[in-house]
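Colleague: Can you walk me through this one? I'd like to go residue by residue, then look at the chains together.

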Amino acid sequence: MKKYFVILLLPIFSLLLFSQERLTVYMPSNYYAWIKSLPTTIEFEKENHITIHFVSFDGSGKILSRLMLEKSNPKADVVMGLSQVSVIQANQNGLLCPYSSPNSKLISETMKPYILTYATPFDFGNLAILYNPTKVKNPPKTFQELAQGPYSFIMCDPRTSSTGEDFLLWSIAALGDNWPTFWKEAKKNIRYIAPSWDSAFAQFELGTAPMMVSYASDEAYSYYAYNTIRYKVIILSEGSYQEVEYNALINKKNPSPLAKAFIDLMLSQSVQSTVATNNWMMPATSVPLPDVYKKYYPISKRKLFLSQEQLEHSINSWISQWQSITLW
Amino acid sequence: MAIHYTLVGGHVFKSKSLLLFFLIWAIPIGVFAIHFCNFSNFISTLINEATLKMTLFTLYQAGLSTLIALGIAILPAIYVSFNQNFLTKLLKSTLFIPFFFPVISATTTFILIGHFPIFQNLNFLFSLKAIIVANVFFNAPIFIYYIGETLSKTPRTLQDLAHIDGTTQTLFFRKILLPLATPSLFRAAILCFAYSFTNFAIILNLGGLKFSTLEVSIATTLLASYNFSTAFTYGILQLFILSLIFLLLPKPNGIELELEQKIMLKTPLYIWVVSIIFCIFEFSIVVLSLLLAFFNFYTNSFSIMPLLSLFSSNLNSQYPVILSFIISLVLSFIAALLVIVLVYFLIKTRNRYTHFLLFSTLGISNAFLSICLIYLNVLYSIPVSPLLLMGYIIIATPIAYAFLSPHFETFPQNIIESASLSGASRWQTFFYIEWPLLKPLFMSTLLQIFTIIFGEFTLTYTMQIYSELPTLPITGYILSSGHNLSGASALSGLSIIFIVCVYFISLHISNRKNY
């Protein structure tokens, strides 16, 4: 009898002995394959004898939704890729734990104003209009031309995608109180509202519309991936709007020190140097950019900005206003 | 009042299996409601103008889809009823489309067809047209099945008597056959309406978020606006509307007309032409879905490479195709087995509430159900696989009940009664009488429910458990949204081949009915 008892207990003991600490990281699906297979991440797991459980979501909005659902019993330790709005909403709901990474000193001067007590900038990018030059001979140069011009475009849904959310914010930052007029006029040119950037780009590649709201890095991507400028980008003359993606610690009773170490790791040079050609965003720290960015990354002199206070107070009403203009 | 409720409740749940099924769906929804239902928000959402517009649009697209599906299917249904040839078999076999053809495969095919120049000029994609066409494609075969089944069972004596009385063929059809088919037509219309009302993948992929139905809004509100209370309101509204509609659903009367001889009416040429066109429409989508599995979009040529690459280690390191196939296979089989066992007990202990309570669950939003299930994982750390199984059981049980219960209606009860009088226990009756006679029926329904679960998309998509438990339809969606359209098509084709094979095996088994 004792023999059977020992045999039964043996696997349980061995599991306890050899089980590793687990760090759960929530991230958008575009981070998943990249971060998971980074040599730095694998090395981090080995050094600290932990298993990192990467959980991917179809868009950063869905991450926040899961975090809200888990508020009373958080499962994640770290969250990656939260947008400026999501990070505010997460903090307002008490989901994040304040943390100042020692590696924040590596963050570039232009990104320093974006450092928050409860979240660390990871990367950033400028929104732009991506177009197929074989179909669009005269791309729109202003919001008005985008709305009234002959070309249709694809955009992401501001409710489900950070790209969509930032396009809405771009229009607000550029047009001020007149932004609803733009959306009323643009409605006829919106060919497809995609739930995420991935599905929007898949439709763009299929030729659903000759233009889509995307990122300034897309031309560089086109050259890098196809060795040719298959698609071009244009930043509207009103100015460029910057999207920032944040990493943050989840508010738990005892945040794991390894979770903090993971946040630090994401600001290290070895990770930041892979941002530009994996996530096609600009790294938050001052790491050198690949040559393709120097040639094919348009920069607007006029930077548009919405303050944290504006975002905190108005984002919900802006989105519901957008919804009533565009969807109904 | 309390006594009245107790009595009614006691009667409803006299069947333990019905109580079990009720608990399977009521517990997750109840737990979610306790934490997130807010009465003032419930009322304000209900009377909100946006909710009204969205509900009206949902009703409109479902109603329009049902009417067009009926318009398109009525003539082929008549053809099926009065002819016995290859075309009849083809028309009848379209029934696998609404129940078994994966929605995600069909929508991928519609997207690719939408990019053909002729359809691009028509602005087909991301419009109401695309939604309606896809809904019609999926639901028209339901009309053919229900109307066809009823009319083809009309006794020949009726026709002979009408003929003796000097009734013309048109008058016979109008005054006798049409009234006979009305309950079936009504049943098919309600099912078609319910499917169009609750569909998610068609609206999301072919309409886009621009077209918000209640089901899509539930998913969007849950996954993007984090307003769980509002999503709860939408979920209850959807359940209420569809429960009201299911109250109208005529119950099968259990009377089988003895067929001495089948009616053979001469069908006009235009019915034959329309039936052929209908077959072409339905099967062209199915065949195209299969062909697209071998089409390379970048070289515009046919190739088996995308199909072969599905099994490559390179692709599988990024997208777990093989793993997700195994997961879907195992989960679907376990869920189908549990559903069949549950449905058997539901049928054996059925009462007058069973029909309504089971079919009302078709009104539960899959997106809403999935978030309630995930919440159980959050609160009690229940692993996602049993939760997903619960979800599959809730979805598949009413369908399995609809497939199995008519056969029990016609099962020779005198054998059971004799066995019971001879002192056979319930288990002995099952193992020595029911199982040998009903084995082919159980096996074929098991396979059919397996295929339905195997192709299920909404539940796993909304649960966002891809990293933990990737299922095949979600891997297809991830491939599609991750620029790998050829991979997505190949996977979709592979799924169709698999599902069609399993479906036809199930038909083959069901033809071996032992009584």
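Modeller: Let's begin with A:Ser240, which lies in strand 10 (residues 240-250) of chain A. Strands are DSSP runs of E, at least two residues, and helices are runs of H or I, at least four, numbered from the N terminus. This is a predicted model: local features need pLDDT of at least 70, side-chain atom pairs count only at pLDDT 80 or more, and totals for chains, interfaces and linings use all residues. Residues are numbered from 1 along each chain as its sequence is written, chains are lettered from A and ligands numbered from 1 in the order written, and side-chain values use heavy atoms, with hydrogens and water left out.

Colleague: Is A:Ser240 buried or exposed?

Modeller: Buried, at 1% relative accessibility. Buried means under 20% relative accessible area, exposed over 50%, partly exposed in between (1.4 Å probe, protein chains only).

Colleague: What does A:Ser240 touch, not counting residues up to four places away in sequence?

Modeller: A:Asn126, A:Trp170, A:Ile235, A:Ser300, A:Arg302, A:Lys303 and A:Leu304. Contact means heavy atoms within 4.5 Å.

Colleague: And where is A:Asn254 found?

Modeller: In the loop between strand 10 and helix 11 (257-266) of chain A. A:Asn254 counts as exposed, at 69% relative accessibility. Its C-alpha atom is 9.9 Å from that of A:Asp77, 177 residues apart along the chain.

Colleague: How many residues of helix 4 of chain A are buried?

Modeller: Ten of the ten, residues 60-69, so that helix is largely enclosed by the rest of the structure. A:Lys62 and A:Arg66 are among the buried ones.

Colleague: Switching to charges. How many salt bridges over all chains?

Modeller: Six. A salt bridge here is a side-chain nitrogen of Lys or Arg within 4 Å of a carboxyl oxygen of Asp or Glu. One of them joins A:Arg159 to A:Asp157, with the closest N and O atoms 2.7 Å apart. A:Arg159 is buried at 8%, and A:Asp157 is buried at 0%.

Colleague: What about chain B?

Modeller: B:Glu434 forms a salt bridge with B:Lys348, closest N and O atoms 2.6 Å apart. B:Glu434 lies in helix 23 (residues 426-454) and B:Lys348 in helix 18 (residues 321-348) of chain B, so the pair ties together parts 86 residues apart in sequence. B:Glu434 is buried at 2%, while B:Lys348 is partly exposed at 34%.

Colleague: Which helix of chain B supplies the largest share of the side that touches chain A?

Modeller: Helix 20 of chain B, with six residues. In total, 44 residues of chain B are in contact with 43 residues of chain A.

Colleague: What does B:Phe32 contact, leaving aside neighbours within four places in sequence?

Modeller: A:Leu69 in the other chain, for one. In chain B, the contacts of B:Phe32 include B:Leu222, B:Phe228, B:Phe368 and B:Tyr375.
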